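Subject: the structure I promised you

Hi,

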Amino acid sequence: QPVESGGGLVQAGGSLRLSCAASPRTFGGNAIGWFRRSLGKEREFVGSITWSGDSTYYADSMKGRFTISRDNAKNTVFLDMNNLKPEDTAVYYCAASRVTYYSGSYSFQSPDDYGYWGQGTQVTVSS
């Protein structure tokens with residue numbers, strides 16, 4: 001299963017980098033998605049990256065502030081979060097897609113697209 005790390009407490013306007021590490025079996029050819037769940041809210045799509053790293057997709061509220069990248073040699077995906085806001089406070093999850101080596105334009109925004117989920121890492125943004 002993927003394993004997230006890097007969460008913590010940060011002041012509004014600050015930055016954090018989350019990491020998602022997985023085994024080659026659940027990483028090499030998989031798209032990786034980031035989701036988050038705030039207290040009392042539904043799970044929310046944050047962004048995704050294709051298996052090759054050529055394409056990334058973001059929810060509208062994250063565009064320009066969040067960046068996803070991957071290092072396939074290290075089986076790790078990163079979520080760089082800048083200009084954090086209190087409303088970004090949530091548990092952040094990464095997940096590996098069910099399909100592998102997909103080369104189309106699908107953005108993998110649905111939780112149903114993913115078969116392997118991490119346990120999550122808490123991000124708290126103070127005002």
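Before we start, one term: two strands count as paired if DSSP finds at least two bridges between them. Strand β2 (residues 8-11) and β11 meet that rule, with four bridges joining them, and they run parallel. One spot to look for is Gln 11, which stands opposite Ser 126 in β11. Keep in mind that this is a predicted model.

**The overall picture**

The protein has zero helices and eleven strands, so reading from the N terminus on you get β-β-β-β-β-β-β-β-β-β-β. The C-alpha atoms fill a box of roughly 40 × 25 × 25 Å along the principal axes. What about the radius of gyration? For 127 residues, a compact globule would come out near 14 Å, and the protein has 13 Å, which agrees.

Buried residues make up 45% of the 127. The accessible surface is about 6,400 Å², and carbon and sulfur atoms account for 47% of that. Among contacts between residues at least 6 apart in sequence, 58% join residues at least 24 apart.

**Follow strand β9**

Which strands does β9 pair with? One is β4 (residues 30-37): β9 (residues 90-100) pairs with β4 in the antiparallel sense over seven bridges. Gly 33 has Ala 95 in β9 as its bridge partner. Another is β10 (residues 114-117), again antiparallel, over three bridges. Here Ala 95 turns up again, standing opposite Trp 117 in β10.

β9 is also joined to β11 (residues 121-126) by three bridges, and these two run antiparallel. Two of the partners to find are Tyr 92 with Thr 121, and Ala 90 with Val 123. Recall that β11 runs parallel to β2, whereas β11 and β9 are antiparallel.

**The disulfide**

A disulfide is a covalent bond between the sulfur atoms of two cysteines. The structure holds one. Cys 20 and Cys 94 form the disulfide, with their sulfur atoms 2.1 Å apart. The link is right-handed, with 75 degrees about the S-S bond. The pair ties together distant parts of the chain: Cys 20 sits in strand β3 (residues 16-21) and Cys 94 in β9, 74 residues apart.

Are these two cysteines buried or exposed? Residues under 20% relative accessible area count as buried. Cys 20 has 0%, so Cys 20 is buried, and Cys 94, also at 0%, is buried too.

Leaving aside neighbours within four places in sequence, Cys 20 is in contact with residues including Pro 2, Val 3, Phe 27, Trp 34, Asn 75 and Val 77. The C-alpha atoms of Cys 20 and Val 3 are separated by 5.4 Å, although the two residues are 17 apart along the chain.

In soluble globular proteins, nonpolar side chains tend to be buried together. In this model the largest nonpolar core has 31 residues, and Ile 32, Trp 34, Phe 66, Val 77, Leu 79, Met 81 and Tyr 92 touch the most other members. The elements that give two or more residues to this core are β3, β4, β5 (44-49), β7 (66-71), β8 (76-81), β9 and β11. Which element gives the largest share? That would be β9, with five residues.

Leaving aside neighbours within four places in sequence, Ile 32 is in contact with both Cys 20 and Cys 94. Other contacts of Ile 32 include Phe 27, Ile 49, Arg 70, Val 77, Ala 95 and Tyr 114.

Happy exploring, and write back with questions!

Definitions and conventions
Residues numbered from 1 in each chain as written. Predicted model: local features only at pLDDT ≥ 70, side-chain atom pairs only at ≥ 80, totals over all residues. Heavy atoms only, no water. Disulfide = S-S within 2.5 Å. Buried < 20%, exposed > 50% of the residue type's maximum accessible area, 1.4 Å probe, protein only. Core = buried A, V, L, I, M, F, W, Y, C linked by side-chain atoms within 4.5 Å. Contact = heavy atoms within 4.5 Å. Rg over C-alpha atoms; globule rule 2.2 N^0.38 Å. Areas by Shrake-Rupley, 256 points an atom, 1.4 Å probe, with all protein chains shown as cover.
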